[in-house]
Amino acid sequence: RELMVKLAAGDPDNAATRRGLSFSHYRVATAFLLAGDPVEAQKDYQTCLELRNDIAALDPRNAHKQIDLMIALARCGEHAEAAQVASKLGSRASDDPSVLFQIACGYALCVPAVASGKAKTDLSLEDRATQQRYAAAAIEAIRQAVAVGYKDFVALEHDPDLLPVRGQAEFQAIVAELRRRQ
């Protein structure tokens, strides 16, 4: 991350460097989160989101920049906005397995985002229903990705963005089927 900060500071108008900086913040944040430090994770996720908002605004039709934004929105608790981006992406790229995989990641991250800032006991029935809709949308996106050629069961098993749905029976059945085909 430090190297990317220096590179971005040296050429602040370079979109590729700024995107690289956003990825470095995202990866550091995810490492903090997996290490059990959600406070530090949130700082880097927020910086990542700020960068990705700017980058996506420059090229709103670019699917990859919208994917980056969707993931950061969800990680920052902005699940409604992330789901809206996912829906738009799905309507434009229903036959691209890699985009469908990323849409699944976005919806999966929306599941815990619904609870962002709330105690588990404070989730309403509506919140829980929203989480279930997001989980179902994530699994459906994975199912669609597989239907159009997605085969990377290792990514399904290990991508941290899918952690919120990884324990679901439908998810596990999809992964088992992919493993069986290989």
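1. Let's start with a pair of charged side chains. Arg19 forms a salt bridge with Asp68, and their closest N and O atoms are 2.6 Å apart. A salt bridge here is a side-chain nitrogen of Lys or Arg within 4 Å of a carboxyl oxygen of Asp or Glu. Arg19 sits in helix 2 and Asp68 in helix 4 (residues 63–75), so the pair ties together parts that are 49 residues apart in sequence. Helices (H or I, at least four residues) and strands (E, at least two) are DSSP runs, numbered from the N terminus. As background, side chains of opposite charge can pair when their charged atoms come close.

2. A word on what you are looking at. This is a predicted model, in which local features need pLDDT of at least 70 and side-chain atom pairs count only at pLDDT 80 or more, while totals for chains, interfaces and linings use all residues. Residues are numbered from 1 along each chain as its sequence is written, and side-chain values use heavy atoms, with hydrogens and water left out.

3. Arg19 counts as partly exposed because its relative accessibility is 27%. Asp68, with a relative accessible area of 8%, is buried.

4. Now for the chain as a whole. Its secondary structure comes to 9 helices and 0 strands, so if you follow the elements from the N terminus on, they run α-α-α-α-α-α-α-α-α. The C-alpha trace spans about 50 × 40 × 30 Å along its principal axes. For 182 residues, a compact globule would have a radius of gyration near 16 Å, and the chain agrees, with 16 Å. That radius is taken over C-alpha atoms, and the globule rule is 2.2 Å times the number of residues to the power 0.38.

5. Next, surface and contacts. Of the 182 residues, 42% count as buried. The accessible surface comes to about 9,700 Å², with 53% of it belonging to carbon and sulfur atoms; these areas come from the Shrake-Rupley method with a 1.4 Å probe, and for residues only the protein chains shown count as cover. Contact means heavy atoms within 4.5 Å. Among contacts between residues at least 6 apart in sequence, 58% join residues at least 24 apart.

6. Back to charges. The chain has 22 positive and 24 negative side chains, and the centres of the two sets lie 4 Å apart. Lys and Arg count as positive and Asp and Glu as negative, while His and the chain ends are not counted. The place of a charge is taken as NZ of Lys, CZ of Arg, CG of Asp or CD of Glu.

7. How many salt bridges does a search of the whole structure find? The search finds 10. One of them joins Arg143 to Glu140, with the closest N and O atoms 3.4 Å apart. Both residues lie in helix 7 (residues 125–147), 3 residues apart, about one turn of the helix. Arg143 is partly exposed at 39% relative accessibility, and Glu140 is partly exposed at 34%.

8. Glu157 forms a salt bridge with Arg179, and here the closest N and O atoms are 2.8 Å apart. Glu157 lies in helix 8 (residues 153–158) and Arg179 in helix 9 (residues 169–181), so this pair ties together parts that are 22 residues apart in sequence. Glu157 is partly exposed, with a relative accessible area of 22%, and so is Arg179, at 43%. Salt bridges that share partners also join Glu177, Arg180 and Arg181 into one network.

9. Have a look at Thr30 in helix 2 (residues 15–34). Thr30 counts as buried because its relative accessibility is 7%. Setting aside residues up to four places away in sequence, Thr30 touches Tyr45, Arg75 and Pro160. Leu34 is also found in helix 2, and at 56% relative accessibility Leu34 counts as exposed.

10. Finally, a loop residue. Where is Leu123 found? Leu123 is in the loop between helix 6 (97–113) and helix 7, and with a relative accessible area of 11% Leu123 is buried. Leaving aside neighbours within four places in sequence, Leu123 is in contact with Val114, Ala115, Lys118, Arg128 and Gln131.

Note on methods:
Buried < 20%, exposed > 50% of the residue type's maximum accessible area, 1.4 Å probe, protein only.
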